[in-house]
Amino acid sequence: MRNWTWALLLCALGVSAQDLAGPVPVDAFNPDRDRPVEPRRGGTIQVRTPGDPSSINPICDNGVSTQDVYQYLGDSLAIRDRETFEWLPMLARWWKEQDVVVLADGTRHAGRLLSEAKADPVRFAPQAARYTFAECDLEAVERVGADGESQRVAPGSPEFAACWGQVVDVVPKAETGLPRVRGTLERPPGGRFTVWLWEELPEDAVLSLPRSEIKRVLEGPDGAKVEVPALRQLAEFELHLRPGVTWHDGQPVTAADVIFSMNTIQNPVVDAAHLRQYYVDLERYEQVDAATVRFAFNQQYYRAFSVIAGDLYIYPRHRYEPWKFEGDADGFGRHFNAHPDHEQPIGCGPYRFVRWERGTLIELARYDGWWASNPGGAPVVPWIDPRMPYLDTLRWVVINEKTAAFKALQLEEVDADFDLEPAIWEDEASNAPAFTDRFVRAKVLSPLYTYIGWNADRQDVGPERQIFADARVRQAMTLLIPREKILRDIHRGLGEVVTGPFFSQGPFSDPEVQVRPSSVQRAQMLLDQAGWVDHDGDGIRDRGGVDFEFDYVIHNMRDYHQKVAEIIKEAVERVGVRMNIRKLDWAVFLDTISDQKFDAVRLAWGEPSCIETDPFQIWHSSQAGNRGNNYVSYKNAEADALIMAARREVDPVERQRLLRKLHRLLDREQPYTFLLNMYTLGFYHRRFRNVRFYTIGTTAYNFREWFEVPREER
Amino acid sequence: MWQYLLKRLLLMALTLFGISVLCFLIVTMAPGDPAAMKAQALASGGQSNLDEQTLRKNQELYYLDRPTFVNFEPPTRTSTVRATLEELDDEENEARRKDALARLKGTIGTSALELLIPELGPRVADAEAREAKLREHLAALRSDGAAQARAALGEDYGRYEPQLPPGSDDAAWAEAWARREEPLQAAIEAPARRLLEVLAGIVAPRGPKLPEGVGLAEARDAWETWWSEHRAEYAPEHVQQVVKAWLQKGGVPETEEAAAADPELAALVQVGQLAAPALMEAMHDASSEAAERQAAFGLAAVAHKPWDLTVDAKERQAFAQEWETQRAARIRGWREAAEKQAKRAAEAAGKTYDPSQVSYPSEDAILAGFASQEDFVSDRVAETLARHRYRWDDWWYRAEEYYVDFDGGRQFTRGFAQTQFGRWFSRLIVFDLGESYKQKRPVSEIIWDAFKKTLQLNVIAIFLAYLFAIPLGVYSSVKRGTLGDQVSTLTLFLLYSVPSFWAGAMLILLFTGPPFLSIFPAHHLSDLNAETFTAWGWFTDRLWHLVLPVAALTYGQLAYISRQMRTGMLEVLGQDYIRTAKAKGLPQSVVIGKHALRNALIPILTLMGGILPMLFAGSVIIETIFTIDGLGKVFFDSILSRDYPLIMAILMISAFLTLLGILVSDIAYAVVDPRIEFR
């Protein structure tokens, strides 16, 4: 049933593999890229940051700079391969995923769904699971050969290739703790290093469940009715931790740490509201033994694994001593929020904390006890070079001002800056050989777009003034706004025009949706159709006695908003629409937006990953009003249905189909006028090699893999 | 004069109080709930992801659940226990129920026992009555009173009402309701069961041993018997004895095993939270550190808190490790700096860099001035202890009401203390400025760090401004109308009109690197490797870094003050006594320097009143441009992120300094001008 692969999907949809996943070029922007050098340890990088984080504690602080630093201090249970998007085991060595069914009599089974979810009867193999583990943890597999004899095949041997898609008995390496399981061996889509094993049960153990026996509505603990889907795919996870991983103070990382971290995030006094929302569907989580944790969700949610394995920050329990706050969760919450360790964190990642001089610099040094490092020896896991991380020291140097930062680069006081203004990118000095001989200019797209949101339900005016409730008006506005001109004149051409909310290089953007070229005539036609005609001859279109006049709010944090606003104003005034530019202080601006007291606003959305994207928060009608993120009050039943279906869909291919459909729908409806995706611009010193820029991850670059080449070899 | 001073100081205190009330009011009335703001300062994803519980908890944290100015019913132990019991029965809100359960079990603990035991009887009786009624209704469902019974059931147990198709007969209804019997019974028994759970949790591992699924009446009887047998162990006299025995013990167990085997500690833990008030008092009144530690250790054990004023070997080891890390980093930093220097030198000399030729400084040189491990650890230990003491006080401010039934006098003062303003003000007067929402560290620490930087900049800038402005003003007034006066007037006017952000940017562009001059550094107050410099090197480096920001800060002031000086001087020069002095034949220098200047300085003194707050204020623009984490920037950022504790603290300090500045300049007036006297 799940025998699809990315390759298949790509053929079917006619997209090139490069668009979705695939090798990311190494040193793409470095002129030395063709001169191969052997990676080595040593060296320091000093990277400029425009401001300090407020603490190095991502549980309480969702600032970008906090996460920038913390990603080197801590590892997660698993991580997505930034090239193939397959899940790679990190702190968790292997895991099993199960479907859940709840029967009318209240019996709950975790196992594998063998039939279609909608089939009647449903075939379900209780206890069975899908195992994920690294191929290198496999001693051999045993399969029944053509002669009926059991045959042992080692990975890497020529016969092994024939085992894919076959039912085999796996013989894991003893130290992994993996059980011997029989099942179908499969490579995850696009994967290189890991294996999926779909566990098989003997036919007599498989349950055949008529649909009538599957509960529709569950009752909560005290009899109250709670809507919980009784059949949910991939809703229970059991992860087994890698032995021998230690915190930077030498203590082992255990399952208790994972549970502690989850407890901490769930504590309402802990300032983790931004994380808590990801775990609302987490039904329970528990420690099974010293190295095993189990998570169960009460909804089928495609991100379920991602939020527990990829996004969960794991903290050292022994440093916080929660047992000393027995019975006083509030007290513990306060204790955690202000814990002194958040100024000098202890993690389990490849770098450990050295010092932080507020307002000046943060320094991390390589942690030699990192579990994946083994210099001079064999790799611990094939996807991490045992010499990694190569750089001895990472330093973030705070320099607020951009000119001063550029000077610091030129003087080689800092080695890299990824927060550049287009003016500096275009500056003569940064293009002159004196600079480019020493520095690499990198220009990459990351998942972020700017837009103009059209408020369909302004809170402080009557129904006759809801100008942008009509999709035709919004379409007309998009046709009027000269996006190419804005890109060219304001942003110096450093970006591209986008057609929807999904990252253009990611899987969910439908390539068939074209950028709508500006057209004043078509815009006028649409406005006429919508009833906005200049009835009274004063040069302003009106409808029902109300002039077409709207408020465009901007904030004072960046200069170019005013210029963009003026370009738009000029464009719309040509067709008889009056636009008022309201410039507001940042805090007031935010209040105005959340209170929905505006007609149009230019803002941006960004996210760390182009494949985990969930349009629910921004586009679902339930998120409109009440200060939610759908502050343009976009309400569309079809969009709601697509969003909910995509949320539940665990099959990536189907999810892609649904979200592309949503993309087309949003393009028709134009709740936003989607503007631009601006390039991330960066300079870094040419002596750094093995540099790659990715479309997923906290930052587009990853210092774990950078290394320094001495001057003599350049 | 002293009388005058005293009067002024008293007035100042009064004004400050007024300002604090005003400050507090502004923040209270500003749009947005500070608790939501605090949580929102972190979660940018829209208010919708703030659940009700998070909001409520944060409100409690900042005493926003209390009245603003006067609390007519400050909570006591009895009222708190009653209120928590009510929350325990909140059928609608599970989070709240759980919270109440945890609070009774874990926080109020044994302190609630004598109030909870008498609750058991009525609860069980109530459950029995409701159950009897339920049975009656269920039986009636099959008989004549079916409709009536159904209505009654629906009213009492609406949440559980079966959904049957319309027109279903009585038998169907009876059966449907009968299927719900189990959850209904559970719902009926829930209040009593929850209370039993609380009781068992409080006295665990003691308490009557009850089998699984025991009947309510039986459980009640068992508990009542248990209580009559053990009541004396929770009586005030016994508690006092146990606390006394513990305090007189002299020494706390060093290891966990020792703690587990300690009889006095075991007795104390058994008495539980009832001992908290006595222990807290003992901690406050402790005459020695050992006595304080003894009390704190006991309190930590009964109140389940980690602040036992002890730093164990493990923690000491962690501090030592921290010291090692910093030491290693320092050595590495110095070596790196030496390598860098060697590389530069080699480049300058046109030679190739040879790593083996680098002369590294000796370890002694590197570690000169670096704290010894002992000092470092003892500093960190002292820090930890101070934090523990602070946490205890902070905790007790609210927790006292869980354990004490206050008398009338205390209740009167608590009526003011247990309010939003009372909490804020009581901390303010002991200079506890709270904790920043965003950085989660004490506001005083943040302000002090920033103040050190701002002060350096401003002292130098103001000093320089006066140093140049006064002679310049004198010069241009004496030489009024000459070319020199005109040139200086024009230049100063131009300077005055140059916006500082532009000047700062130009200074950076021109003096800090290619393509123009590369003389001065463009960021921070020290080189990044400044700690590898000698003391003299460090000092010159600091001066070097100060040049540009000070220049950018000074020129505007300079222009303004010298204009003031010129005007003042011109006025004085027109006076009769100056003409007299000139007529007497006094030399020009004496006329200007003695007669004119002293009198002309008076208006300048008025300006000086503003210096104090100015030293503190800092400049957002200059500090941002030159990456100096001064107060201006901190204040600006705190406003952007609505970090209320930080905003209020800075406002209060500025207000205080302004008042002080006015006082100082008033005194200076009297000193300079004999016509003015104190009155």
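Trainee: An axis here is a line fitted to C-alpha atoms, for helices over the stretch in contact, and angles run from 0 to 180 degrees between N-to-C directions. With that in hand, how do the axes of helix 21 of chain B and helix 29 of chain B cross?

Mentor: Keep in mind that this is a predicted model. In it, the axes of helix 21 (residues 443-478) of chain B and helix 29 (residues 631-640) of chain B come within 8 Å, crossing at roughly 140°.

Trainee: Which residues make the contact?

Mentor: Helix 21 of chain B brings I446(B), I447(B), A450(B), F451(B) and T454(B), while helix 29 of chain B brings L631(B), G632(B) and V634(B). By class, the contact of these two helices has 6 nonpolar residues, 2 polar and no charged.

Trainee: Zooming out, what does chain B look like as a whole?

Mentor: Chain B has 30 helices and 0 strands. Its radius of gyration is 37 Å, whereas a compact globule of 679 residues would have one near 26 Å. The C-alpha box of chain B is roughly 125 × 70 × 60 Å along the principal axes.

Trainee: How many of the residues of chain B count as buried, as a percentage?

Mentor: 31% of the 679. As for contacts in chain B with a separation of 6 or more, 69% are between residues 24 or more positions apart.

Trainee: And chain A, how many helices and strands there?

Mentor: Chain A comes to 20 helices and 34 strands. With a radius of gyration of 28 Å against the 27 Å that the globule rule gives for 714 residues, chain A is as compact as a globular protein of that length. Its C-alpha atoms fill a box of roughly 90 × 75 × 60 Å, and 45% of the residues in chain A are buried.

Trainee: How many residues are in contact between the two chains?

Mentor: 59 residues of chain A touch 55 residues of chain B. Among the elements giving two or more residues on the chain A side are helix 8 (329-337), strand 20 (361-366), strand 21 (393-398) and helix 17 (586-594) of chain A. That side of chain A divides into 20 nonpolar, 22 polar and 17 charged residues.

Trainee: You mentioned helix 17 of chain A. Which strands does it lie across?

Mentor: Strand 28, strand 29 and strand 30 of chain A, and helix 17 of chain A runs at about 135° to strand 28. Those strands belong to an open sheet of 5 strands in chain A, in the order 29-28-30-24-31, with mixed pairing. Strand 29 (578-584) and strand 31 (672-674) of chain A are the edge strands. On average, neighbouring strands of the sheet are turned by 30° against each other, direction ignored.

Trainee: How do strand 28 and strand 30 of chain A run, parallel or antiparallel?

Mentor: Parallel, with 2 bridges between strand 28 (residues 549-555) and strand 30 (residues 600-606) of chain A. In that pairing, Y552(A) stands opposite A600(A).

Trainee: New topic: what does strand 8 of chain A pair with?

Mentor: Strand 8 (residues 138-144) of chain A pairs antiparallel with strand 10 (residues 167-172) of chain A over 4 bridges, and A140(A) stands opposite V171(A) there. Strand 8 of chain A also pairs in the antiparallel sense with strand 9 (residues 150-153) of chain A, over 4 bridges. V141(A) faces V153(A) in that one.

Trainee: Which residue takes a positive phi in the hairpin of strand 8 and strand 9 of chain A?

Mentor: G148(A), near 80°, in a hairpin with 5 residues between the strands.

Trainee: Why is Q670(A) counted as buried?

Mentor: Because Q670(A) has 23 C-beta neighbours inside 10 Å, and the cut-off for buried is 20 or more. Y63(B) has 19, so it counts as partly exposed.

Trainee: Last one: where are the cis peptide bonds?

Mentor: One joins M388(A) and P389(A), with omega about -10°, and P389(A) lies in the loop between strand 20 and strand 21 of chain A. Another joins A204(B) and P205(B), with omega about 5°. P205(B) is in the loop between helix 9 (181-203) and helix 10 of chain B.

How values were computed:
Residues numbered from 1 in each chain as written. Chains lettered and ligands numbered in written order. Predicted model: local features only at pLDDT ≥ 70, side-chain atom pairs only at ≥ 80, totals over all residues. Rg over C-alpha atoms; globule rule 2.2 N^0.38 Å. Buried ≥ 20, exposed ≤ 12 C-beta atoms within 10 Å, placed from the backbone. Contact = placed C-beta atoms within 7 Å. Nonpolar A, V, L, I, M, F, W, Y, C, P; charged D, E, K, R; others polar. Pairing = 2+ DSSP bridges.
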